[in-house]
Amino acid sequence: MIYKVLTANRLGDGIAVWLNASGEWTTSLQGALIARHAEAEASLEAIGKRDFAANKILDVNLVEVEEEGELIRPIRLRERIRAEGPSVGYGDRAAADIRAA
C-alpha cells in the first residue's frame with residue numbers, strides 16, 4: 001500500500017526532516033509518522049502549515065511512501081535521495097571514499 005509522510009527542510013540549515021509521532025521534526029525518515037488515510041493526511045498538512053508559519057521549517061510536502069517490512073521507503077527517486085543522501089559522494093564523503101580506494 002502507498003501511504004504518506006510529511007517532509008520539509010529545517011529553516012536553520014536546510015536539512016531534510018520528517019514529522020514524527022511526537023510532533024517533532026526528525027532527520028530520520030524511519031521515525032516519520034505515516035498517514036494511512038485522508039484525515040491523517042489533512043492533519044499532517046495542518047501541522048506543516050503551522051510550523052511553516054512559525055518559521056521552523058520550509059518546503060513542506062506530503063510524500064508517498066511504502067512500507068517494506070519495517071522500513072519506510074519513498075516512492076519517488078527525489079525523496080529517496082533526500083532521505084538517504086546523494087547517489088554520488090561529495091564533500092567529506094567523497095574524500096573518505098577516495099582515501100579508502
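Biologist: Which strands form the open sheet, and in what order do they lie?

Modeller: Five strands form the open sheet, in the order β3-β2-β1-β4-β5, and the pairing is antiparallel. This is read from a predicted model. To read a sheet, start with its edges. Here the edge strands are β3 and β5 (71-74), and each pairs on one side only.

Biologist: How many bridges join β1 to β4?

Modeller: β1 and β4 pair in the antiparallel sense over eight bridges.

Biologist: What lies between β1 and β2 in their hairpin?

Modeller: The hairpin has five residues between the strands. Gly-14 in this hairpin takes a positive phi near 80 degrees.

Biologist: Now the inside. Which residues make up the largest nonpolar core?

Modeller: The largest nonpolar core has 10 residues: Tyr-3, Val-5, Ala-16, Trp-18, Leu-29, Ala-32, Ile-34, Val-63, Val-65 and Ile-72. To see where a core comes from, ask which elements supply it. For this core, β1 (2-10), β2 (16-19) and β4 (57-68) each supply at least two residues. A second, separate core has eight residues, including Leu-19, Ala-35, Leu-44 and Ile-57.

Biologist: What is Val-5 in contact with, apart from its neighbours within four places in sequence?

Modeller: Leaving those neighbours aside, Val-5 is in contact with Trp-18, Leu-29, Ala-32, Leu-33, Ile-34, Leu-44, Asn-61, Leu-62, Val-63 and Val-65. Among them, Trp-18, Leu-29, Ala-32, Ile-34, Val-63 and Val-65 are listed in the largest core, whereas Leu-44 belongs to the second core.

Biologist: Turn to helix α1. How does its length compare with what its residues should span?

Modeller: The check is to set the expected span beside the distance between the ends. At 1.5 Å a residue, the 16 residues of α1 should span 22 Å, and the end C-alpha atoms are 23 Å apart, so the two agree.

Biologist: Which residues of α1 are buried, and which are exposed on the other side?

Modeller: Leu-44, Gly-48 and Asp-51 are the buried residues of α1. They cover an arc of only 70 degrees around the axis, and therefore lie on the same side of α1. On the other side, Ala-38, Glu-39, Lys-49 and Ala-53 are exposed.

Biologist: What do the buried residues of α1 pack against?

Modeller: They pack against β1, β2, β3 (25-26) and β4. After the helix comes Asn-55, whose phi is positive, near 60 degrees.

Biologist: Is Thr-7 buried or exposed?

Modeller: Thr-7, in strand β1, has 0% relative accessibility and so counts as buried. For a polar side chain, the next step is to look for polar partners. A polar atom of the Thr-7 side chain lies 2.9 Å from the backbone oxygen of Val-17. The Thr-7 side chain also makes a polar contact with the side chain of Arg-82, at 2.8 Å.

Biologist: Where does Arg-82 lie, and what else does its side chain make a polar contact with?

Modeller: Arg-82 lies in helix α2 (residues 77-84). Its relative accessible area is 18%, so Arg-82 is buried. Its side chain makes a polar contact with the side chain of Asn-9, at 3.4 Å. Leaving aside neighbours within four places in sequence, Arg-82 is in contact with Thr-7, Ala-8, Asn-9, Ala-16 and Trp-18.

Key:
Residues are numbered from 1 along each chain as its sequence is written. Side-chain values use heavy atoms; hydrogens and water are left out. A nonpolar core is a set of buried Ala, Val, Leu, Ile, Met, Phe, Trp, Tyr and Cys residues joined through side-chain atoms within 4.5 Å. Buried means under 20% relative accessible area, exposed over 50%, partly exposed in between (1.4 Å probe, protein chains only). Helices (H or I, at least four residues) and strands (E, at least two) are DSSP runs, numbered from the N terminus. Contact means heavy atoms within 4.5 Å. The expected span of a helix is 1.5 Å times one less than its number of residues. The arc is that of the directions from the helix axis to the C-beta atoms. A polar contact is a pair of N or O atoms within 3.5 Å; within protein, one must be able to donate a hydrogen and the other to accept it, and residues adjacent in sequence count only if both atoms are side-chain atoms. Two strands pair if DSSP finds at least two bridges between them.
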